[in-house]
Amino acid sequence: MSDARPFPSQLQRLLQPDWQPEATVAELPLQHFLERGIRALVLDVDRTLLPRRGNQLPAAVEDWLQRAQAEQLRLHLFSNNPSRQRIGSVARQLGVDYTTSAAKPRRGALRRVMAELAIPPDQVAIVGDRVFTDVLGGNRLGLYTVLVRPVNPQGQPCPHDRWQRLEVRLARFAGADLH
């Protein structure tokens, strides 16, 4: 008999976020991360920090990011978006490193970020709005995974989150315990 888990439970584990607070990134209590020994946050950009097609951080998101930096949490913006101009402008505004064209859930770009951070995976959280990119990619490398609600231009939960709802349904079908 093999010690390997059956396929469905492996898939279930890979699609299960460690935390699904039903909140936007701006509503997350930073203390939650600090109490778990998290020292760095790898942050998705599109619909996690910026609204769809937006290029200006909502005030609530910008404030949260500044508070995270004040708590000495290292930040890295990590996006599948190929626009170095769009993602780079946000990163420069915050004074943080960034990765574009990350090809999540593939591990290559995330491994490079982890090497740059030089922090053990259990002390790094990946925060994003997508199950099949952010959560899956983070779980493949043993990061603390957080599934947040997409943001609108005001930094509030976006009511039009059809992609997230579809992914949550598919992940539930695969056995993940998602809201």
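Me: What should helix α3 span, and how far apart are its end C-alpha atoms?
Reply: The 12 residues of α3 (59-70) should span 16 Å at 1.5 Å a residue, and the end C-alpha atoms are 16 Å apart, which agrees. The expected span is 1.5 Å times one less than the number of residues. Helices here are DSSP runs (H or I, at least four residues) and strands are E runs of at least two, numbered from the N terminus.

Me: What kind of model is it?
Reply: This is a predicted model; local features need pLDDT of at least 70, side-chain atom pairs count only at pLDDT 80 or more, and totals for chains, interfaces and linings use all residues. Residues are numbered from 1 along each chain as its sequence is written, and side-chain values use heavy atoms, without hydrogens and water.

Me: Which residues of α3 are buried?
Reply: V61, W64, L65 and A68. Buried means under 20% relative accessible area, exposed over 50%, partly exposed in between (1.4 Å probe, protein chains only). The face turned away from the buried side carries exposed A59 and A70.

Me: New topic. How many salt bridges are there?
Reply: A search of the whole structure finds eight. Each puts a side-chain nitrogen of Lys or Arg within 4 Å of a carboxyl oxygen of Asp or Glu. One of them joins D44 and K104 (2.9 Å, N to O).

Me: Where do D44 and K104 lie?
Reply: D44 is in the loop between β1 and α3, K104 in the loop between β3 and α5, so the pair ties together parts 60 residues apart in sequence. D44 is buried at 6% relative accessible area. K104 is buried too, at 8%.

Me: Which residue does D63 bridge to?
Reply: R67, with the closest N and O atoms 3.1 Å apart. Both lie in α3, four residues apart, about one turn of the helix.
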